[in-house]
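Please keep the sequence and the structure in view while reading.

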Amino acid sequence: MIDNRIRREDLKGKIVSAEEAALLIKDGMTVAASGFTPSGYPKAVPLALAKRAEAGEQIGITLLTGASVGDELDGALSRAGVIKRRFPYQTHNDTRNGINNGSIMYQDMHLSHLPQYMSYGFFGNIDVAVVEALAITEEGGIIPTTSVGISPTAVKLADKVIVEINTSQPMALEGIHDIYIPENPPYRKPIPIEKSGDRIGTTYIPCDPSKIAAIVVTDITDKVRPLGPIDEDSEAISNHIIEFLDFEVKKGRLPKNLLPLQSGVGSVANAVLGGLVKAPFTDLTCYTEVIQDSMLDLIDAGKVTIASGTSITPSTEGLVRLHKDIEKYAKYIILRPQEISNNPEVARRLGVLSMNTAIEIDLYGHVNSTNIMGSRMMNGLGGSADYTRNAYISFYTTVSTAKNGDISSIVPMVSHVDHTEHDVMVVVTERGLADLRGTAPVERARMIIDKCAHPDYQPMLNDYFERALKTKTRHEPHLIGEALSWHQRFLDTGSMKLK
């Protein structure tokens, strides 16, 4: 089996234990790792590195990954105190706690920016790249597994490369990758993608074999996350979007097979995309980041012709399903570096329909998708804005309340802004859909309150808005102190409702 996985004979002498490979990582280093929400990330080497710290060794690193990764990487290294700086996105509770208590310095970033910022030298030298691989070619090329993310850039820039050959990943994944790395300005050329299914690169990551310092063979599986069931609220949101898309087709603003779809990560996003299985649209294409269970449903239903992303991130059940029929699904999937999958110029050229989730949305269409109550980091911005600002139509979805109704997801003013009113076209909750295109701020406010806010909060929101209209500024009126007091009220009493 290993001959099929390591096809270059002189590299077989570099097979070592995870403990030996981890010794290449020293205190103060910058380490770039594969992985994207959480698929295709290294597992054995980070666990060995964490054990060194747990045994008393003083070691701290800056960690860069494509997006979130699993417990063996973010979790183990956070608990051991190894991660000192983290970029650009995470979802692990231990890492999140470290960020919010100040022990981990963190910068939230657009995912399309990270690889090019690495190439520009903005993060300094990349000392070590640790990447999970399906196999290594005769030329030394590294074939990724279930994600690409920043791996091509990490391999290109790192002084040393550690490769984890993961035998739990099916060999049928070979061939689904399309690796293309843009040049830096002023030599950058247009990215030649005109359709979601265009292939423009290689099926492996080019790598100078002399840079490969260690190879570790492991069979630890991706620790993918469960997806919540498609509940009534998620189904209602999906139905509102499908009705809207059908209307746009009838108005001639969208073709019958729509335009390339992009959907964010998580249960609501999965449900929204999954609703298209029963919708009237066919021959759909996707140009997105993450391929979740609903994409497999669409493939099974014969609705999707191509699904382009940077990661396959199914649920626990979806992973079993993926492996069982990997030969079928591989025919429809292309995995690209995130600098390409999330590229704003490509998204605008293709006319992507972006659908992402919000923590809260205010009366004028500003969206907070990262910080609870304005200051506690949840996960991060991810790639949502890469698509939102450049979408043909941008959607933001949220259930209208949280915490069993004690928090309204529609607020007078968001406590943190990730996406401005200038980029958000359509707001959707289980209550309804607000099409904000071509509207002034005061028109948006009335529409969002009437169509998207929960009835328990509509009187409060209307009262706030009508009183704000009596101020001297009528364009986007606010009662600043009172707007922020909505969040303070929850902090003080545990509910946004008036007691």
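Which residue forms a salt bridge with Asp178? In this predicted model, the partner of Asp178 is Arg336, and the closest N and O atoms of the two are 3.0 Å apart.

**The two domains**

The protein chain is divided into domain 1, covering residues 9-218, and domain 2, covering residues 232-493. Their contact takes 50 residues from domain 1 and 43 residues from domain 2. The centres of the two domains, taken over C-alpha atoms, are separated by 29 Å. About 3,600 Å² is buried between domain 1 and domain 2, and carbon and sulfur atoms give 56% of this area. On the side of domain 1, Ile176, Ile193 and Ser196 supply 17% of the area buried against domain 2, which is more than any other three residues supply.

Between domain 1 and domain 2 there are two salt bridges, while 28 residue pairs are in polar contact across the interface. The helices α5 (93-101), α6 (113-120) and α7 (151-157) each supply at least two residues of the side of domain 1 that touches domain 2, and the largest share, four residues, comes from α5. The residues of this side divide into 22 nonpolar, 20 polar and eight charged.

**A buried proline**

Pro337 lies in the loop between β15 (333-335) and α13 (338-341). Is Pro337 buried or exposed? Pro337 counts as buried because its relative accessibility is 6%, which is under the 20% limit. Leaving aside residues up to four places away in sequence, Pro337 touches Val148, Gly149, Pro152, Asp178, Ile179, Tyr180 and Thr310.

**Other salt bridges**

The count of salt bridges comes to 27, and three of them are set out below.

| Asp71 | Arg79 | 2.8 Å |

Glu345 and Arg349, by contrast, are separated by about one helical turn, because they are four residues apart in helix α14 (residues 344-350). Glu345 is partly exposed, with a relative accessible area of 41%, and Arg349 is also partly exposed, at 34% relative accessibility. Salt bridges that share partners also join Glu248, Arg253, Asp435 and Arg437 into one network.

Terms used
Residues are numbered from 1 along each chain as its sequence is written. This is a predicted model: local features need pLDDT of at least 70, side-chain atom pairs count only at pLDDT 80 or more; totals for chains, interfaces and linings use all residues. Side-chain values use heavy atoms; hydrogens and water are left out. Domain bounds come from an automatic or database domain assignment. Contact means heavy atoms within 4.5 Å. Buried area is the accessible area (1.4 Å probe) that two parts lose on being put together, summed over both. A salt bridge is a side-chain nitrogen of Lys or Arg within 4 Å of a carboxyl oxygen of Asp or Glu. A polar contact is a pair of N or O atoms within 3.5 Å; within protein, one must be able to donate a hydrogen and the other to accept it, and residues adjacent in sequence count only if both atoms are side-chain atoms. Ala, Val, Leu, Ile, Met, Phe, Trp, Tyr, Cys and Pro count as nonpolar, Asp, Glu, Lys and Arg as charged, and the others, Gly among them, as polar. Buried means under 20% relative accessible area, exposed over 50%, partly exposed in between (1.4 Å probe, protein chains only).
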